[in-house]
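Please open the structure in a viewer and keep the selection tool at hand.

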Amino acid sequence: MKKIHDLMERVTDYQTLYQAYLYSRMNKRYKEEVLIFSANLERELFKLQRELRDGTYRVGPYREFYVRIPKKRLIMALRFRDRIVQWAIYLVFNPYLERRFIHDSYGCRVGKGALAAANRLQYWMRQVNRKPIHAGRRWYYLKLDISKYFYRVDHEIIMKMFSWMTDDAEFLTLMSRIISGNAPFGLPPGATISDCPPAMRLYDVGMPIGNLSSQMVANMYLDYLDQFCKHTLKIHYYIRYMDDVVILHNDLREIHRIRDEIGSFVQSNLRLQLNDKTAIRPIVHGIEFVGWRIFATHRKLRKCSIKHMKRSLKRVARLYADGEVDIDYCLSVLNSYFGILSHSDDYAMRKWIADNTVLQRKEISHDETPCEGQAGGAFDRATQTEL
């Protein structure tokens, strides 16, 4: 593979940094740190350029917080100026990665995403569903999941991958500083983010969830698994969304062999392990993937997603009833859920919204007067319009 040259020069070009600034401030331009940086934009960008070129740039401190949906995850957010650096790297380096990636890798890529992944998998399921059954063989799916993927990615292997693609020493030094960071991100084998205190986190493995560079590196890391599955194992029905992999096959013995081959590959070459959620089942039972349970004929949201949606609507209705949010916020929440439901066959959930969500609020204006009925819901008038 031909190596890439002059990466650092392009990353530190003023126009690249300015473009990175524009991307970094999207939907955040009125935050305090963005306003302070933007007030002296030219001076700040030249300062950042000088630090990158003379090697004095260091990654700033992380702000840590947790998200608990769909499960507990540690998020580590960088300062605004550090996000600009990561966007500059992404703008220059990611196009080279895109040329390597297989078509059916859908995580964190422009023009891909969860909906495209679900559509592709369902298209394949419809294809194999129409094929005749030979010698009593049914179609099965193998669902693979990497155990604690973002917390277990090996830094040494990451830097080897970068060195295979470029010999720009300054760029490699910059990536090493970003990947290693100034805080530990990794978890010991068998540990979870809930039971691992900060003092026990590891410095030589893991990537901070929340970094743009982490998304780029995560795809680059598992691209080696994609290439192995497509070119060595010759798997046709193979799809990956970040660390979730689904494979379709009509030979049960072969699919067990594929699972063992992949398990050995990720352990010996990527220093990762498959987790207990790895499963082999007939495709007629449906495949849980990217938030949906997908069948050849239809797809539905997972039960946990439906429960979360109902809780969220009830919470927003209470906030509206207490006057803590306005009608525009309520409608934005409702419309986002209708957007999700438009891609699934959850008619029962749409009916639940129509039957149970009526906005009630004290002292509302005439044009916001809700229909009388059940309290504790949201958006009856908007719901009827959408439905």
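Rings of Phe, Tyr and Trp, the last represented by its six-membered ring, form a pair if their centres lie within 6.5 Å. By that criterion, this predicted model holds 17 aromatic pairs.

Begin by selecting Phe228 and Phe265, which form a stacked aromatic pair with 4.2 Å from centre to centre and 10° between the planes. The pair links distant parts of the chain, since Phe228 belongs to helix H10 and Phe265 to helix H11 (residues 252-269), 37 residues apart.

Next, select Tyr18, Tyr21, Phe37 and Phe80, which ring pairs link into a cluster.

Two charged side chains may then be displayed over rings. Lys112 lies over the face of Tyr106, at 4.8 Å from the ring centre. Arg299 lies over the face of Trp292, at 5.3 Å from the ring centre.

The largest nonpolar core has 81 residues, and Phe93, Phe162 and Leu225 have the most contacts inside it. Helix H10 (residues 212-232) provides the largest share of this core, 10 residues. A second, separate core of 37 residues includes Tyr106, Ala117, Phe289 and Val316.

Finally, centre the view on Leu225. Which residues does Leu225 contact, leaving aside its neighbours within four places in sequence? They are Tyr238, Val245, Ile262, Phe265, Val266 and Leu270.

How values were computed. Residues numbered from 1 in each chain as written. Predicted model: local features only at pLDDT ≥ 70, side-chain atom pairs only at ≥ 80, totals over all residues. Heavy atoms only, no water. Core = buried A, V, L, I, M, F, W, Y, C linked by side-chain atoms within 4.5 Å. Buried < 20%, exposed > 50% of the residue type's maximum accessible area, 1.4 Å probe, protein only. Helix = DSSP H or I, 4+ residues; strand = E, 2+ residues; numbered from the N terminus. Contact = heavy atoms within 4.5 Å. Phe/Tyr/Trp six-rings, centres within 6.5 Å; stacked < 30°, edge-to-face > 60°. Lys NZ or Arg CZ within 6 Å of the ring centre and 35° of its normal.
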